[in-house]
Amino acid sequence: MRLFTPSLLFLLLNLFPVISQAATGLEAVTVSPGEGGEQTYTLSIQILLFMTALSMLPGALLMMTSFARIIIVLAILRQALGTQNTPSNQLLVGLALFLTIFIMMPVLNQVYDTALKPYLEEKITSVQALEAAQLPVREFMLGQTRETDLNLFARIGDFGEVESPDKVPFSMLLPAFATSELKTGFQIGFLLFIPFLVIDLVVASVLMSMGMMMLSPLIISLPFKIMLFVLVDGWALVFGTLAASFRL
């Protein structure tokens, strides 16, 4: 400890001039005006803003894409099958993620063509790229949002009457879209749950009629539910239904 303290003090004294030089000036905060009167930030500030935006990426993935509906349906399907943790949570999230990429690919292509590619080629500024990237995402979200949900949040937020879908504020569109996705996900999950519920009821009735009340119906119905799901090619039907449920 006695040897460590002088060494640490020596290191700090040697690094203090470097830290002082780096702290003075704050060149990264400079802003240069553009030709049209807009403001362009330095590269360091742009990187800082980009890294901050990356921390919000999980929330954007959950609330602005098809991920929420897909993961809800897959979770309800696993519950209906009664397979406990099979497929596992990691596998369900992976399936939902890649199916989300497949469904959102047309939107991502539009974002790349209209916003990211021109920005990388330095044809537009970062602000213009952000505005261009919002248009395909807004169009997708508006196409999946119920009008009743939009009216609900317009009334709650006191936004007044919206003239057209293009005039819908993003702060109102985001919760309305999330509410619509939750409703649609639970509706699809309910329809998937019914056939497996019928199998459970039939098996439970047969066991009770045979006097086998000590035997759990879930143990007997599980093979029948798995067999039914495999025979009808259930995974293909579920994924096809989920992809077709989005009006692209």
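This is a predicted model: local features need pLDDT of at least 70, side-chain atom pairs count only at pLDDT 80 or more; totals for chains, interfaces and linings use all residues.

Reader: How many helices and strands does the protein chain have?

Author: Helices (H or I, at least four residues) and strands (E, at least two) are DSSP runs, numbered from the N terminus. The protein chain has 10 helices and 2 strands. Their order from the N terminus is α-β-β-α-α-α-α-α-α-α-α-α.

Reader: What share of the 248 residues counts as buried?

Author: Buried means under 20% relative accessible area, exposed means over 50%, and partly exposed lies in between (1.4 Å probe, protein chains only). In this protein chain, 27% of the 248 residues count as buried. A contact means heavy atoms within 4.5 Å. Among contacts in the protein chain with a separation of 6 or more, 66% come from residues 24 or more positions apart.

Reader: How is a pair of aromatic rings described?

Author: One gives the distance of the centres and the angle of the planes. Rings of Phe, Tyr and Trp (its six-membered ring) pair if their centres lie within 6.5 Å; planes under 30 degrees apart count as stacked, over 60 as edge-to-face and the rest as tilted. The count by this rule is 5 aromatic pairs. One of them joins Phe196 and Phe229, a tilted pair with 6.2 Å centre to centre and 50 degrees between the planes. Phe196 lies in helix H8 (residues 170-209) and Phe229 in helix H9 (residues 217-231), so this pair ties together parts that are 33 residues apart in sequence.

Reader: Which kind of pair do Phe229 and Trp235 form?

Author: Their ring centres are 5.2 Å apart and their planes stand at 90 degrees, so the pair is edge-to-face. Phe229 is buried, at 9% relative accessibility, whereas Trp235 is partly exposed at 32%. Ring pairs link Phe196, Phe229, Trp235 and Phe239 into a cluster.

Reader: What does Phe196 touch beyond its neighbours in sequence?

Author: Leaving out residues up to four places away in sequence, Phe196 touches Leu77, Ala80, Leu81, Lys225 and Phe229. Phe196 has a relative accessible area of 5% and is therefore buried.

Reader: Which residues lie nearest the centre of the second largest pocket?

Author: On a 1 Å grid over the protein atoms alone, a pocket is an open set of points where a 1.4 Å probe fits, with protein on both sides within 12 Å along at least five of seven lines; lining residues have an atom within 4 Å of a point. Of the 14 residues that line the second largest pocket, Leu192, Phe196, Phe229, Leu237 and Val238 lie nearest its centre. The elements giving two or more residues to this lining are H8, H9 and helix H10 (234-244). For classes, Ala, Val, Leu, Ile, Met, Phe, Trp, Tyr, Cys and Pro count as nonpolar, Asp, Glu, Lys and Arg as charged, and the others, Gly among them, as polar. The lining has 12 nonpolar, 2 polar and no charged residues.

Reader: Is Ser66 buried or exposed?

Author: Ser66 counts as buried, at 0% relative accessibility. Ser66 is placed in the loop between helix H3 (57-63) and helix H4 (67-81). Apart from neighbours within four places in sequence, Ser66 is in contact with Thr100, Ile103, Met104, Phe140, Glu181 and Phe246.

Reader: Where is the cis peptide bond?

Author: Most residues other than glycine have a negative phi, and most peptide bonds are trans. Here a cis peptide bond joins Thr86 and Pro87, with omega about -5 degrees. Pro87 lies in the loop between H4 and helix H5 (89-120).

Reader: What is the phi of Asp233?

Author: The phi of Asp233 is near 55 degrees, a positive value in a residue other than glycine. Asp233 sits in the loop between H9 and H10 and is partly exposed, with a relative accessible area of 46%.

Conventions
Residues are numbered from 1 along each chain as its sequence is written. Side-chain values use heavy atoms; hydrogens and water are left out.
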